[in-house]
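Please consult the structure below while reading.

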Amino acid sequence: MYFVLFLLGVALGSFLNVLITRYNPDQKFSLSAITGRSYCDSCKKQLRWYELVPLISFIIQKRACRSCGTRLSWQYPLVEFMMGILAVLIGRLFLYGYVFSAAVTTGELYISIIFWLVVSMVLLFALMIDAKHYIIPNGTNILLFILGVIWTVWVVWLGFGREISQGSFLGHFAPLFGSFGGVVLNHIIGMLLAVVFFILIVLVSRGRGMGIGDVKLVSALGLLFGWPDIGVIVFASFIIGTILIIPLLITRQKRGSDQIPFGPFMVVASLVVLMWGTSLLQAYFDIIGKLGGGI
Ligand SMILES: [Zn+2]
């Protein structure tokens, strides 16, 4: 099962690579950009089927185009491998985790898995585009908003007549943060809180730390994940950002004033909270408990 999910993820990652490579911030995204045959970016030679096998071709060809010898980007195997791992983790989360109670049918769990495969593709796209071009396309944020609406409706629908958890990925820790009295309100207020918090950051930092693209992304994530998950995601994204930026500052690769895209941190934080939110909070409270006991 996990092997099938991994292969599915790798195949989706391969498709995602085409979207990421052919995305051009100055051009309107057209269908023809994704439907044409794959070709080498350097010599424009069309690729044969055996040059398009995810992961394998990259290794066999030793990172180079077979015709012109141009080095291939690490983006290809990286995105394929990450989507493969994400597919396995999403499968594990829904099939063996405790997102919903046992009252949910296997079919409903598979629909949830497919849904989050789509979400993780969109998130990985946002991560790669923000890292490459320092922007998060509006279309990507709109897609995340739509997915947020669909997920909220889906969780409400699953809850009809059944005792299920509210679809939080924080498990039994979710009630600690309080609820706004229902799935729909939790998702709408999660979005609003995220927007207000990020607009404050933009105002305080006068737009240097965050851009309006980050505000749009976090509001879409707020709608998708809802309260309290979005609170943990925002907190985690700042921690991840700090951990990754400090080494860059020390090795002087970046100065404090250099632009560093924040979107990737939010995407990574979202995926981490999705997969390991409960375990992370468990570890956090264990550490706090130990520190408290030591005094
Ligand atoms: Zn070539």
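This is a predicted model: local features need pLDDT of at least 70, side-chain atom pairs count only at pLDDT 80 or more; totals for chains, interfaces and linings use all residues.

## Packing of α7 and α8

Helix α7, residues 183-204, packs against helix α8, residues 212-225, at an angle of about 160°, and their axes are 7 Å apart. Because angles over 145 degrees count as roughly antiparallel, α7 is roughly antiparallel to α8. Their crossing is right-handed.

On the α7 side the contact is formed by His187, Gly190, Met191, Leu193, Ala194, Val195, Phe198, Ile199 and Val202, while α8 contributes Asp214, Val215, Val218, Ser219, Leu221, Gly222, Leu223 and Phe225. Classified by residue type, this contact of α7 with α8 comprises 12 nonpolar, 4 polar and 1 charged residues.

## Packing of α1 and α4

Helix α1 (residues 2-22) and helix α4 (residues 75-96) cross at roughly 140°, and their axes come within 7 Å. The two helices, α1 and α4, are therefore oblique to each other. The crossing of α1 with α4 is right-handed.

Residues of α1 in the contact include Tyr2, Leu5, Phe6, Leu8 and Ile20. Among their counterparts in α4 are Gln75, Tyr76, Val79, Glu80 and Gly91. In total, the contact of α1 with α4 has 16 nonpolar, 7 polar and 1 charged residues.

The 14 residues of α8 should span 20 Å at 1.5 Å a residue, and the C-alpha atoms at its ends are 20 Å apart, which agrees. Helix α8 is mostly covered, with 12 of its 14 residues buried. Among the buried residues are Asp214, Val218, Ser219, Leu221, Gly222, Leu223 and Phe225, each of which also takes part in the contact with α7. Gly213, Lys216, Leu217, Ala220 and Leu224 are buried as well.

Gly226 follows α8 and has a positive phi, near 70°. A cis peptide bond, with omega about 5°, joins Trp227 and Pro228. Pro228 is placed in the loop between α8 and α9, the latter spanning 229-250.

Lys44 has a positive phi of about 60° although it is not a glycine. This residue, Lys44, lies in the loop between α2 (32-35) and α3 (56-60). It counts as exposed because 9 C-beta neighbours lie inside 10 Å.

Leu55, also not a glycine, has a positive phi of about 60°. Leu55 is located in the loop between α2 and α3. With 15 other C-beta atoms within 10 Å, Leu55 is partly exposed.

How values were computed: Residues are numbered from 1 along each chain as its sequence is written. Axes are lines fitted to C-alpha atoms, for helices over the stretch in contact, and angles run from 0 to 180 degrees between N-to-C directions. Helices (H or I, at least four residues) and strands (E, at least two) are DSSP runs, numbered from the N terminus. Angles under 35 degrees count as roughly parallel, over 145 as roughly antiparallel, 65 to 115 as roughly perpendicular and the rest as oblique. A crossing is left-handed if the near helix is turned anticlockwise from the far one by less than a right angle, and right-handed if clockwise. Two residues are in contact if their C-beta atoms, placed from the backbone, lie within 7 Å. Ala, Val, Leu, Ile, Met, Phe, Trp, Tyr, Cys and Pro count as nonpolar, Asp, Glu, Lys and Arg as charged, and the others, Gly among them, as polar. The expected span of a helix is 1.5 Å times one less than its number of residues. A residue is buried if 20 or more other C-beta atoms lie within 10 Å of its own, exposed if 12 or fewer, and partly exposed in between; C-beta atoms are placed from the backbone.
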